[in-house]
Each structure stands twice: as structure tokens, then as C-alpha cells.
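User: Got a structure open here and I'd like a quick tour. Can we start with polar contacts, and what counts as one?

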Amino acid sequence: MPPYEPDIIEKDLCTLFSPEWLNQAARETGLIKRERKVTAVEMFWVLVNSYGVHLARNLANIKRNYEKSSNKKLSDSSWYERFTPELVAFLKLCVTHAIEQLALEQTKVLNQKLSKFQDVLIQDSTIIRLHKSLAKKWPAARSRTVAAGVKVSILVSAVANSPKSISIHAESTNELKTLRIGPWIKDRILLIDLGFYKHQIFARIEQNGGYFVSRLKGNADPLIVDLHNTCRGNSIDVKGKRISEILPKLKRRILDVDVEISFRRQNFNGKSKTRLDTEIFRLVAVFNEDETKYHVYLTNISKDVLSPENVAKLYGARWDIELIFKELKSRYALDVVNTKNTQIVEAYIWIAVLTLFISRRIYSLIRKYNPKEMVARYTQLRWSTIFTENADRQLTLILRYCGIERTLETVMNVYSSQALDPHVNRYRFRDDWWS
């Protein structure tokens, strides 16, 4: 095993979220107005290392964890009243801070084929089911009965190996409204799911100097205007034909062509709000042996940069965001929201996201301090399991680093106070027979 510096993990985490920054953020958001029993530093680390890793499943459990960790006994009101819009604002500010800090650090490097690009980005969303009483604020999509759901949209950076932006919407929100294309896309590749498929989006990405790869939508039928790869023998002529005419007759394994797509573009000068416009993009069809059909992709990446096979492989990297959603749900309790309180719903979501950031931060350290030949064997899902199993120990270590010691006396005090039934006068039938 390689030698480690003492407290390397705790030192790094307290650099990312320093006590000074956490206290300042708590004051700015109004979470902590006066320093009493509940402090921003203790609350932050207890939330991230207890609820986010399944050690605590509700507010009462988190409260007990807080008391054990901070050496303080809290009244119920002083704890439950902390789950307010101010706490949500504090947690959201912490997420923004983590994104900004991690964006400054490049934990992964794009290979030679992608050297001209700054990053590869992946956008997708996942749904969290909520109690139906929240349907007015977060209505579900395509539901015949009253139902509620929240959509968590994430843009993931391959270079930072973590989310670049995160937003929360009602489940009924259209996917396209969760993605805003702007100058930030310049020199970056965006891998797009079919839920975001829209020709206007592709045109806007190119207009801003960005790049994209998307599967071709089933009802899209672009016109072929040029051919990049030619086949020997009696091959069919594809120029001037629609893709729907060509694919059923195609015998070659790969089709690489330029196609013309049409769409309505916003019109700023005329009387009409929109005008018909066209763009030329590259279409790649690669025959999939397992499914015995063509996978068809639309992109604006030149054939000189990526071959058809590499376009298909690059799109396969979208699996990374599915692994993030799996990690968030199966390891960090993203979809375990047993409450009707809107503030607690949002707080739980941001806590799960922060737990992911902390986990990925330690994961990067583990990879950094181990030999290069072993790095590939540290998979993220396996790591997330190890992280959750050791989260309670990590909480003790980081609080100790911050000068807060967990003692046996504290644990005993928590056991003694929390095990008491709050219903003092409740009748207990066994007392008539034994005690």
C-alpha cells in the first residue's frame, strides 16, 4: 500500500468545505442567525454522512446522529425547525460551491481522439415519486390519477468526473426546458438522450461553437445530401434520398453521410414568429450485431475527427450518467423521500447530491494515491458501497479534525434520552403483571 499523509481525507474535505465557508454560507442564507447548539459545520457533515448513506432514514434518526456526533442534547423543536427554506438554500449553495470547486480540477483527461475538445458532457434526468398531496407543486406526467413526482436533471462532466449542473423540476416539465444552450457549450461535446431531441437544439449548439451526438429519432427522416464512405461493388445510390428509403435496403455495415434537416427557427425581423430553416449535419448508421439492426446517430463532429465506429462508442459513454443515477438512488437515498413537507423533500435531494460529491472527492484521492495500473479497477459503484459502509467512521474522523470529539458519555446520553417514550402517561398493560 502507498504511504498516506495523516488526515489526508479530512484535510481535503475541509479544504473543499472549510468550516469558515460553511459558517459564512449559513449566515448568508439565514440558516444560522445565532450560534447556539446547532452549528453549520456539525449539521452539514452529519446530514451528508448519515441520511445520504442510509444510516438515518428520517429526521428523528438524523437528530440522534447529530447528538452523538456533536456532544449536544437538542430539543425536538430546535431540530425540526431547522428544516426550512433557509436550510434548502444553504444546501443548494453548498452544491453550487462544490460544482465550482470541482470544475477547477481536472480529474480525468480526454484521449488523443478528443484532444481538440475541452470536455464531454452528458445530460439526463431521473424521476422521484412523491406523496400525492404534493401534486399541486410537483405534478406527475401522464398520470390518470392524482400523483406527484420531481424530476432531477443533471449535466455530467467527463473531465471533472462529477455533475456540472443540477436542477429540480416538476415531473411534468418537458425535458427540453431543463437544458439551456448558451456560450458554455463552446468546444464541448454534448451527448443527448432522445428526450432532448430537437433540431433547434442542435442548431443552437452549433451556433454557439459546440458539438453534439444524439440518436436519430424514429419519426425523423432527413434527406441525404452527401456520402462519406463508399463501398466496392454494386452499392445503391443514396444521395437525394430519405434515410427511411435507404436503411431497409442497406447491406453495408456502416453508413456515413451528410443529411439536411429542417426545423422552425425563431424569427426576430418578420411578422411571423418563426421561419423554416435547414442545417447540414452528419448522420452515422452502424449495424449492431446483437440487436440485428442499425443504430443511427446524428452529430456535427467531422469525419476527420471521429470515425463512425468511434461516434457510436462515444455515445455509449452516456452509460456514465445512468451509473450516477444508480449510485444516487441505491447508495445515497435519492429516491427515499417519505415526507409531505416540501422543504424536507428538497433538502433530502440536495443532501443526496452532496453525499455524491463527498464520495467522489474521496474516490479521486484513492485513485490518486494508488499505482496507475490499479486505477482502472477502482470502479465507482464498488467504491460507493465501500464509502457507505464506512461513512459513520468517516463522520467521526472529520468532526475530530474540526475539533469535535464523539465520546462514550455522549452516546450513553443519547441512548438514555432518546429511548424514553415521549408519552409519559400512556397506559402499559404489562405493568399490571410484571415490571
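Analyst: A polar contact is a pair of N or O atoms within 3.5 Å. Within protein, one atom must be able to donate a hydrogen and the other to accept it. Bear in mind that this is a predicted model.

User: Good. Which side chain does the side chain of S153 make a polar contact with?

Analyst: That of S125, at 2.8 Å. The C-alpha atoms of S153 and S125 are separated by 4.2 Å. Along the chain, these two residues are 28 residues apart.

User: Where does S153 lie, and is it buried or exposed?

Analyst: S153 lies in strand β2. Its relative accessible area is 1%, so S153 is buried.

User: What else does S153 touch?

Analyst: Leaving out residues up to four places away in sequence, S153 touches Q123, D124, S125, S165, I166, S167, H169 and T178.

User: Which residues of α10 are buried?

Analyst: I321, I324, F325, E327 and L328. They cover an arc of only 160° around the axis, so they sit on the same side of α10.

User: E327 is on your buried list. Which residue does its side chain meet in a salt bridge?

Analyst: R360, with 3.0 Å from N to O. R360 lies in helix α11 and E327 in helix α10, so the pair ties together parts that are 33 residues apart in sequence. R360 and E327 are both buried.

User: Which residues do salt bridges with shared partners join into one network?

Analyst: D124, D193 and R318. D124 is also among the residues that S153 touches.

User: How many salt bridges does a search of the whole structure find?

Analyst: The search finds 11. As background, side chains of opposite charge can pair when their charged atoms come close.

User: Give me a couple more. What does K293 pair with?

Analyst: K293 forms a salt bridge with E291, with the closest N and O atoms 3.8 Å apart. K293 counts as partly exposed because its relative accessibility is 43%. E291 is partly exposed too, at 42%.

User: And K303?

Analyst: K303 forms a salt bridge with D304, with the closest N and O atoms 3.5 Å apart. K303 is partly exposed, at 42% relative accessibility. D304 reaches 66%, so it counts as exposed.

User: Now the nonpolar side. How many residues are in the largest core?

Analyst: The largest nonpolar core has 97 residues. F17, W45, F90 and I189 have the most contacts inside it. Helix α11 gives the most to this core, with 16 residues.

User: What does W45 touch?

Analyst: Not counting residues up to four places away in sequence, W45 touches L13, F17, L22, I358, L395, I398 and L399.

User: What about a second core?

Analyst: There is a separate one of 32 residues. It includes I181, L216, A285 and L298. In soluble globular proteins, nonpolar side chains tend to be buried together.

Methods:
Residues numbered from 1 in each chain as written. Predicted model: local features only at pLDDT ≥ 70, side-chain atom pairs only at ≥ 80, totals over all residues. Heavy atoms only, no water. Buried < 20%, exposed > 50% of the residue type's maximum accessible area, 1.4 Å probe, protein only. Helix = DSSP H or I, 4+ residues; strand = E, 2+ residues; numbered from the N terminus. Arc of directions from axis to C-beta. Salt bridge = Lys/Arg side-chain N within 4 Å of Asp/Glu carboxyl O. Contact = heavy atoms within 4.5 Å. Core = buried A, V, L, I, M, F, W, Y, C linked by side-chain atoms within 4.5 Å.
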